[in-house]
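Morning, everyone. I have one model to walk through. Please bring it up on your screens.

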Amino acid sequence: MNRSRRNRKRWYRGLALAGILILAAMVPVTAGLYRQKKETEAQIATREYIQTEDNGNFRGGILEYKGKTYRRSSYVKAILCMGVDRQGPMTEGTASTQGGQADGLFVLAQDTTRNTLKILMIPRDTMTEITLTDLSGNVLGTDVQHITLAYAYGDGREESCERMAEAVTRLLGGLEMDHYLAADIDVIGMLNDAVGGVTVTIPIDGMEERDPAFVKGERVTLHGGQAEAFVRYRDIAQSHSAITRMAQQQQYITQYFAALKKKSQEDSQIISEIFSMVENHMVTDMGKEEYLKIAMDALNTESLADGDFYTIPGQTVETEVYDEFYVDEEALMPVILEMFYREVPAGGYRGDRGDRQ
């Protein structure tokens with residue numbers, strides 16, 4: 001049965017990359033799943049639980065929530081980071097649906113005044129409204145689909161990034177992204193080896209199938225292809241393995257950050273050297289000086305700990321063909337407020353550090 005389910009998942013992904021996914025809405029589903037999807041569509045359309053200046057979502061600078069007033073902090077930058085399941089340089093565009101999917105999806109909240117960094121992790125199976133296109137790139141409209149596919153419906157470069165930024169903004173109630181950066185699979189090994197390897201603890205059974213050194217509980221310093229194997233490993237025969245894999249990714253990011261800080265003490269030019277190494281394997285809307293500054297500022301934060309990571313709250317649903325994740329929008333609200341907003345004190349704005357003026 002596991003083998004059958006694995007084959008169905010691979011078949012579905014093949015259809016997605018071929019552009020046939022646009023017909024998925026026509027496939028009959030159970031009444032329960034159909035109702036779940038329509039409820040999600042209705043929530044996306046209305047966002048009734050948020051009251052702001054701008055049509056009931058986070059696009060406004062000020063909002064009211066549970067009797068308190070919050071203001072979007074101008075000092076906290078929202079930076080969308082995407083890991084794309086594509087190999088080779090990203091210097092050339094691709095046909096629509098051929099540029100890969102965003103297998104890893106993170107929103108960084110970088111506070112430039114408090115010198116902190118927080119990371120919001122978004123499951124690849126999250127269901128939200130994305131833009132669909134045909135094979136020629138012509139926009140067909142929108143539909144509620146897996147957010148990972150938003151990147152595929154583009155040119156594999158800027159257009160794909162913009163499609164994903166648009167989908168993430170919708171998912172987060174209208175919270176605009178300040179910048180985006182996408183990188184391909186090859187970058188993982190490059191970044192890893194540039195800091196001399198990253199030491200992790202193997203968290204689960206079964207990973208030794210990918211690498212004999214990956215025995216549960218063992219401490220392993222990753223080199224070369226081991227880094228990609230570690231951060232991307234999941235047992236696709238198990239339901240919602242893409243979500244459980246996020247714990248591996250969180251551990252790796254934390255340990256990589258520590259290794260990078262240590263390396264920077266030996267080599268003050270390490271940030272510039274790394275970006276020079278990977279620049280042909282990434283796409284960003286930032287100029288070189290801008291992303292180097294952001295990286296240097298991030299490096300100056302004290303450290304990354306479990307409390308600096310947030311995961312989109314929600315509910316998992318397993319279908320006959322693929323996994324789905326539905327966001328709990330009520331639970332998401334305080335997460336976004338904590339990461340990107342500041343409470344306005346009673347009596348009005350007092351010029352608190354980190355608030356908009």
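Some ground rules. This is a predicted model, so to speak: local features need pLDDT of at least 70, side-chain atom pairs count only at pLDDT 80 or more, and totals for chains, interfaces and linings use all residues. Residues are numbered from 1 along each chain as its sequence is written, and side-chain values use heavy atoms, with hydrogens and water left out.The overall picture. The protein has 10 helices and 16 strands. Those are DSSP runs, numbered from the N terminus: helices are H or I with at least four residues, strands are E with at least two. Of the 357 residues, 52% are buried. On terms: buried is under 20% relative accessible area, exposed is over 50%, and partly exposed is in between, with a 1.4 Å probe and protein chains only.

Next, contacts, meaning heavy atoms within 4.5 Å. Take those between residues at least 6 apart in sequence: 67% of them join residues at least 24 apart. The accessible surface comes to about 16,500 Å². Carbon and sulfur atoms hold 49% of that surface. Areas come from the Shrake-Rupley method with a 1.4 Å probe, and for residues only the protein chains shown count as cover.

Now the helices. Start with Phe275, in helix H8, residues 270-278. Is Phe275 buried or exposed? Phe275 is buried, at a relative accessible area of 14%. What does Phe275 contact, leaving aside neighbours within four places in sequence? Leu181, Met282, Tyr291, Leu292 and Ala295. Leu191 sits 84 residues from Phe275 in sequence, yet their C-alpha atoms are 9.1 Å apart.

Turn to Ala194, in helix H4, residues 186-194. Ala194 is buried as well, with a relative accessible area of 16%. Setting aside residues up to four places away in sequence, Ala194 touches Lys263, Ile270, Ile274 and Met277. The C-alpha atoms of Ala194 and Met277 are separated by 9.2 Å, and the two residues are 83 apart along the chain.

On to charges. Side chains of opposite charge can pair when their charged atoms come close. How many salt bridges are there in the whole structure? A search finds 14. The criterion is a side-chain nitrogen of Lys or Arg within 4 Å of a carboxyl oxygen of Asp or Glu.

One joins Glu158 and Arg157, at 2.9 Å from N to O. Glu158 is partly exposed, with a relative accessible area of 29%. Arg157 counts as buried, at 19%.

Another pairs Glu166 with Arg170, with the closest N and O atoms 3.7 Å apart. Both residues lie in helix H3, residues 158-171. They are 4 residues apart, about one turn of the helix. Glu166 counts as partly exposed, at 33% relative accessibility.

Then Lys263 and Glu266, with closest N and O atoms 4.0 Å apart. How far apart are Lys263 and Glu266 in helix H7? They are 3 residues apart, about one helical turn, and H7 runs over residues 246-266. Lys263 is partly exposed, at 24%. Glu266 is exposed, at 59%.

There is also a network. Salt bridges that share partners join Asp103, Arg124, Asp125, Glu228, Arg232 and Arg245.

Some charges form a patch instead. Asp205, Glu208, Glu209 and Asp235 form a negative surface patch. Patch residues have over 30% relative accessible area and no salt bridge; like charges are joined within 9 Å, and nonpolar side chains (Val, Leu, Ile, Met, Phe, Trp, Tyr) within 5 Å. Asp and Glu count as negative, Lys and Arg as positive; His and the chain ends are not counted. The place of a charge is NZ of Lys, CZ of Arg, CG of Asp or CD of Glu.

Where is Asp205? In the loop between strand E10 (198-201) and strand E11 (219-222). Asp205 is exposed, with a relative accessible area of 58%.

Last, two backbone angles. Thr97 is not a glycine, but has a positive phi of about 80°. Thr97 lies in the loop between strand E4 (76-84) and strand E5 (102-111). At 1% relative accessibility, Thr97 counts as buried.

Asn115 also has a positive phi in a residue other than glycine, near 55°. Asn115 is in the loop between E5 and strand E6 (116-121). Asn115 is partly exposed, with a relative accessible area of 34%.
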